[in-house]
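Please examine the sequence and the structure shown below.

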Amino acid sequence: MCYHDLSEMNFNISRRQKNFLMRVDDASKLLRDYEEECYLNERINDRIIPVFKNIGMLGCPISTKYGGMGYDFLTYCLALERIGEEGSSVRTFLSAHTSIGQLVLQGWANEAQKREYLPRTTRGRSIIAFALTEPNAGSDPTSMEMVFEEKSDHYILNGRKQWVGNGTIADLLTTYAKERNSKDLRGDGKISAFIVDKDCQGIKRKEIKNKLGLLTIKNAELVFRNCIVPKKNLLGMKGHGLSIAYSALIDGRLSVAAGAVGVIKDCLTESIFYAKHRTQHGELLGKKQLIQEHLAKMVVSLESSRWLVYRAAITRQRLQHYVETFKRENIDWQMKLNRSNEKYIQIRNEADRLSAISKFYASNCSFDAANRSVQIFGSSGYTKKSRVARHFLDSRATMIYEGANEVLTLKIGSQSLGQEFRAY
Ligand SMILES: Cc1cc2nc3c(=O)[nH]c(=O)nc-3n(C[C@H](O)[C@H](O)[C@H](O)COP(=O)(O)OP(=O)(O)OC[C@H]3O[C@@H](n4cnc5c(N)ncnc54)[C@H](O)[C@@H]3O)c2cc1C
């Protein structure tokens, strides 16, 4: 980091931002009891959409031009941090709908696509999902087997995606496929991205059952069999799908990290309360040094994760600002941004690096905090009725999705050494 970056780390928030965050706080409180009820019954929380729609949270970082609130990434992350306190299920709904959903369209769709699809999603009429992972392509999306064929006015998609968040209810998807080689029917071509609307025929969805946690949102397996996608629904340029997917993951990781900060905060709040009320061996648990050690570690995790996330959010905002200015000035912006724009590559790499570091760190810290909280609660923490137990189950997923933490470790390592050292 140079001194110039420090001057851009302004965490001041305006009255408007504060008012919005207070509404997020009220909405989160409103969801609390019902979220617990749904979690215990493993039922989708059907109040998330209306409650967040009311306060504009379904389009928090989306431009007002498309019905969003037009907030910056720091405000969005602060909102996700607060929502994360209510559980990673609720926050994951928003990560899927907004971070790897709407923001992908806002970043890469053409004007007609944005006008057609984004307002539906900011008003909650459509829920959007991101379908990249396949049975044989998880950490390595380049090995995907889903294929597309180009016909006169449409594409035909064949393949299978899995673990798609919001996939059971989404009526809009972004998905990714390789061009089918016409001779041997394999998909060898470069990956392209597509917007799949509910009108597109040929998709079967199946809910993924028996998940370990994240019980109030649903993940789906999607089977595409001769799914017809109109040509106008190609997202970005043909062959640029992988760049689009990777840029979506920058936002996805940032959202996971922000939510993880909320998880740590809630674990700490719950644990402090418990330690101040539970007596054993004639003394409050809070008086025991070993309990204080657990709490101190959580405090350190909270502070360190929080500032890392805020810095990543501010850097992501710089990238947004740069891209928007560039788009206004260049008709051919997608081509030029990707190929030769050194300034873009530098800001993008920094946003990518910080979002990977913050996701890696905050997700590990949140699982550790939840684990310590369960320990402080003892047997009272070993039931899903306990908030800390739910955080324990849910935060396990954050170490796997949006780039498993091993892969992020390798990414952070090679970003430090140089791409010639890339080990994954
Ligand atoms: C709750 C949940 C929600 C999800 N939501 C979505 C979604 O909305 N959309 C979507 O497309 N996907 C989603 N996913 C899928 C998720 O992104 C993948 O699970 C993740 O990318 C890892 O892929 P995988 O599960 O196939 O594991 P694999 O890639 O098979 O990896 C297995 C293990 O090996 C490690 N590993 C892999 N490669 C290397 C390497 N080179 N060196 C060292 N270790 C390595 C991994 O870190 C991991 O620990 C979700 C997953 C979960 C669990």
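In which sense, left-handed or right-handed, does α7 pass α10 in their crossing? The crossing of α7 past α10 is left-handed. The model described here is a predicted one.

## Helix α7 and helix α10

Helix α7 covers residues 241–277, and helix α10 covers residues 342–377. The angle at which these two helices pack is about 25 degrees, and their axes lie 7 Å apart. Angles under 35 degrees count as roughly parallel, and α7 and α10 are therefore roughly parallel to each other. Sorted by class, the residues in the contact of α7 with α10 comprise 20 nonpolar, six polar and four charged.

## Further partners of helix α7

Helix α11, formed by residues 387–398, also packs with α7. Here the angle is about 155 degrees and the axes are 10 Å apart. Because angles over 145 degrees count as roughly antiparallel, α7 and α11 are described as roughly antiparallel to each other. The crossing in which α7 passes α11 is left-handed.

Another partner is helix α4, residues 73–84, which packs with α7 at an angle of about 45 degrees, with the axes 6 Å apart. This angle makes α4 oblique to α7. The crossing of α4 and α7 is right-handed.

Strand β2 comprises residues 147–150 and is joined to β3 by four bridges, the two strands running antiparallel. Together, β2 and β3 form a hairpin, with three residues between them. Within this pairing, Glu150 stands opposite Tyr155 of β3.

Strand β2 also pairs with strand β4, which consists of residues 172–180. This pairing is in the parallel sense and extends over two bridges. In it, Phe148 stands opposite Glu179 of β4.

## The shell around the ligand

How many residues surround the ligand, and which are the closest? The ligand is surrounded by 20 residues, of which the closest are Gly138, Ser139, Gly165, Ala404 and Glu406. The elements that contribute two or more residues to this shell are β1 (128–131), β3 (154–165) and α12 (405–417).

By class, the shell around the ligand contains 14 nonpolar, five polar and one charged residue. Domain 2 (130–235) and domain 3 (241–421) each provide at least three residues to the shell.

Definitions and conventions: Residues are numbered from 1 along each chain as its sequence is written. This is a predicted model: local features need pLDDT of at least 70, side-chain atom pairs count only at pLDDT 80 or more; totals for chains, interfaces and linings use all residues. A residue is near a molecule or strand if its C-beta atom, placed from the backbone, lies within 6 Å of it. Ala, Val, Leu, Ile, Met, Phe, Trp, Tyr, Cys and Pro count as nonpolar, Asp, Glu, Lys and Arg as charged, and the others, Gly among them, as polar. Domain bounds come from an automatic or database domain assignment. Two strands pair if DSSP finds at least two bridges between them. Axes are lines fitted to C-alpha atoms, for helices over the stretch in contact, and angles run from 0 to 180 degrees between N-to-C directions. Angles under 35 degrees count as roughly parallel, over 145 as roughly antiparallel, 65 to 115 as roughly perpendicular and the rest as oblique. A crossing is left-handed if the near helix is turned anticlockwise from the far one by less than a right angle, and right-handed if clockwise.
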